[in-house]
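Here is a note for someone opening this structure for the first time. Please read the points in order.

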Amino acid sequence: MNAWFIQHRAALASAFIRLWATPLNTLLSLLVIGIALTLPAAGYVLLDNLRDLGRNASGVQQISLFMTLDASKKDVGEIEAKLRAAANGKWKFVPKEEALKRMQKSEGMAEIVASLPRNPLPDAFIVEPANTEPEALEIMRKEISGWPKVAHVQLDSAWVKRFDAFLKLGKLALWMLAGIFAAGLVAVTFNTIRLQVMAQAMEIEVARMIGATDAFIRRPFYYFGALQGALGGLLAALLVAGALSLLAAPVGELAALYGGNFSLRAPGVVEVAVLAALGAFLGWLGAQLSVSLSLRKFD
Amino acid sequence: MIVASNLSKRYPGGFEALKEISFEITAGQMVFITGHSGAGKTTLVKLIASIERPTSGSLVVNGQNLSALRRSAIPYLRRNFGMVFQDQKLLFDRSVLDNVMLPLQIVGLPRREAVRRAQAALDKVGLLLREKAKPIALSGGEQQRLAIARAVVNRPTVLIADEPTGNLDTESATEILEIFSAFHQVGVTVVIATHDQNWIARYHPNVLRLDHGRLL
């Protein structure tokens with residue numbers, strides 16, 4: 001064990017001891033940091049889930065291809081070959097007979113369908129492209145429109161675009177929110193560390209006079225800031241997970257009413273780790289600023 | 001080992017604490033810095049321990065010129081000294097043993113080794129039985145001995161003390177000086193600032209006598 005390792009371990013231990021020595025202060029600081037991180041974290045989880053919802057919602061990212069009424073079986077085969085060649089996602093052929101049958105099943109439509117002299121519906125393809133970027137969907141729609149015997153190509157891209165714009169706006173708002181709360185977290189750590197430096201003025205002065213380097217003096221405060229931030233991050237993850245578990249049942253119920261089986265996705269191990277790391281980094285930053293400023297008076 | 005030439009220290013505000021003094025302290029000497037209150041004893045001690053910097057002149061310690069020393073090199077220089085401060089600067093929120101461990105933690109000694117050496121240092125000053133006590137529970141003389149234990153625990157080549165017998169009765173003061181004398185006898189350079197002339201006859205140290213910032 002070299003001196004470097006021993007000193008770092010001692011600094012970490014002293015950070016733990018300081019957190020433990022004032023439980024109420026520690027608890028309050030952790031709550032402040034935890035709540036400050038909870039809001040952007042919850043926003044992130046919400047957006048993440050909305051994006052999932054956008055992807056999963058049926059009909060949103062489908063392209064409906066309607067053939068002309070006079071299209072023959074051969075024409076249908078040609079389109080199928082073209083779709084196969086494009087090899088872009090999956091597709092389903094809906095023959096006009098089947099479309100009519102489905103329509104008959106719909107409530108109130110059976111009589112109307114029965115009164116029709118002949119089947120007014122065209123053969124159709126429902127294409128589900130692998131690439132669901134709005135731009136890619138638009139390009140594909142244009143391409144398909146040019147194929148022979150294709151009467152109409154329908155893409156609900158306006159909805160997709162709106163949803164996408166909404167997500168972008170949400171993301172931006174989230175970043176701003178995160179920025180503000182990150183600054184808050186740095187400020188909280190800054191103040192905590194400043195008070196600690198003041199409380200330990202004597203110790204710092206003595207240590208300096210008998211040969212402590214700047215790094216030795218600063219290290220425990222850095223560890224303290226980082227540790228406090230990391231614990232605050234974990235607390236935030238806990239709060240978000242708790243909120244999600246409370247929301248899970250009502251969201252499931254709501255989704256069931258709309259005939260879906262959507263469920264909220266809780267933050268995973270990686271996300272929790274990122275949150276803790278982010279907290280640690282911001283805590284370290286606050287400690288760094290605070291120590292640099294507070295230690296000036298010892299020179 | 002400690003060479004001063006034309007050493008001056010002027011404090012902000014213009015007070016000249018030391019005026020162009022020159023002297024040499026060789027390794028293994030016992031040196032008393034004497035003089036009236038305000039003669040510059042504490043200033044000289046602080047300059048030697050690189051706690052303060054000279055205004056002009058040069059002060060060379062262990063071959064290093066303190067005036068030209070980089071800021072980052074100062075902590076390492078200070079580790080060569082054992083300092084006993086006028087106000088002792090003990091840490092009252094930690095035990096006697098932890099006070100003595102501080103210099104060893106600063107150099108990053110493994111804890112077990114640090115405890116062993118701190119206990120040895122406490123043993124030398126007769127405080128081993130009080131290792132778990134808080135400094136506030138110690139008498140004045142014991143606190144001074146604790147300060148000495150902290151100063152010597154890192155086996156410094158130079159032991160520097162500023163008025164170590166200042167507030168002590170004769171008996172306690174004698175004990176303290178006997179401890180310094182013992183370190184001197186095992187080869188440690190000992191520098192003591194004191195206004196008390198009575199000890200000179202007893203220990204026959206080299207004497208630097210200061211008067212209003214000048215060396216007599």
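**Notes on the two chains**

1. Start with the domains of chain A. The assignment gives domain 1 (12–57 + 171–298) and domain 2 (63–155); such bounds come from an automatic or database domain assignment. The C-alpha centres of domain 1 of chain A and domain 2 of chain A lie 52 Å apart.

2. A word on the source. This is a predicted model, in which local features need pLDDT of at least 70, side-chain atom pairs count only at pLDDT 80 or more, and totals for chains, interfaces and linings use all residues. Residues are numbered from 1 along each chain as its sequence is written, while chains are lettered from A and ligands numbered from 1 in the order in which they are written.

3. Next, the overall form of chain A. Its radius of gyration, taken over C-alpha atoms, is 31 Å. A compact globule of 299 residues would have a value near 19 Å, by the rule of 2.2 Å times the number of residues to the power 0.38. The C-alpha trace of chain A spans about 100 × 40 × 35 Å along its principal axes.

4. Chain A has ten helices and four strands. Here helices (H or I, at least four residues) and strands (E, at least two) are DSSP runs, numbered from the N terminus. Their order from the N terminus is α-α-β-α-β-α-α-β-α-β-α-α-α-α.

5. What does UniProt list as "transmembrane region" in chain A? The unreviewed entry gives residues 27–47, 172–193, 221–248 and 268–287. Positions follow the numbering used here, feature names are shortened, and annotations may be inferred rather than shown by experiment. In the model, residues 172–193 of chain A are 100% helix and 0% strand, with end C-alpha atoms 32 Å apart. Residues 221–248 of chain A are also 100% helix and 0% strand. Their end C-alpha atoms are 40 Å apart.

6. Buried residues make up 26% of its 299 residues. A residue is buried if 20 or more other C-beta atoms lie within 10 Å of its own, exposed if 12 or fewer, and partly exposed in between, with C-beta atoms placed from the backbone. Two residues are in contact if their C-beta atoms, placed from the backbone, lie within 7 Å. Of the contacts in chain A with a separation of 6 or more, 84% join residues 24 or more positions apart.

7. Now chain B. It has seven helices and ten strands. Its radius of gyration is 17 Å, which agrees with the value near 17 Å for a compact globule of 216 residues. The C-alpha atoms of chain B fill a box of roughly 45 × 40 × 35 Å along the principal axes. Of its 216 residues, 43% count as buried.

8. Glu20(B) has a positive phi, near 45 degrees, and is not glycine. Glu20(B) lies in strand S2 (residues 16–25) and counts as partly exposed because it has 15 C-beta neighbours inside 10 Å. Ser50(B), also not a glycine, has a positive phi of about 55 degrees. Ser50(B) sits in the loop between helix H1 (41–48) and strand S4 (56–61) of chain B. Is Ser50(B) buried or exposed? Ser50(B) is buried, because 22 other C-beta atoms lie within 10 Å.

9. Last, the contact between the chains. It takes 16 residues from chain A and 15 residues from chain B. On the chain A side, helix H1 (3–21) and helix H8 (201–209) are the elements that give two or more residues.
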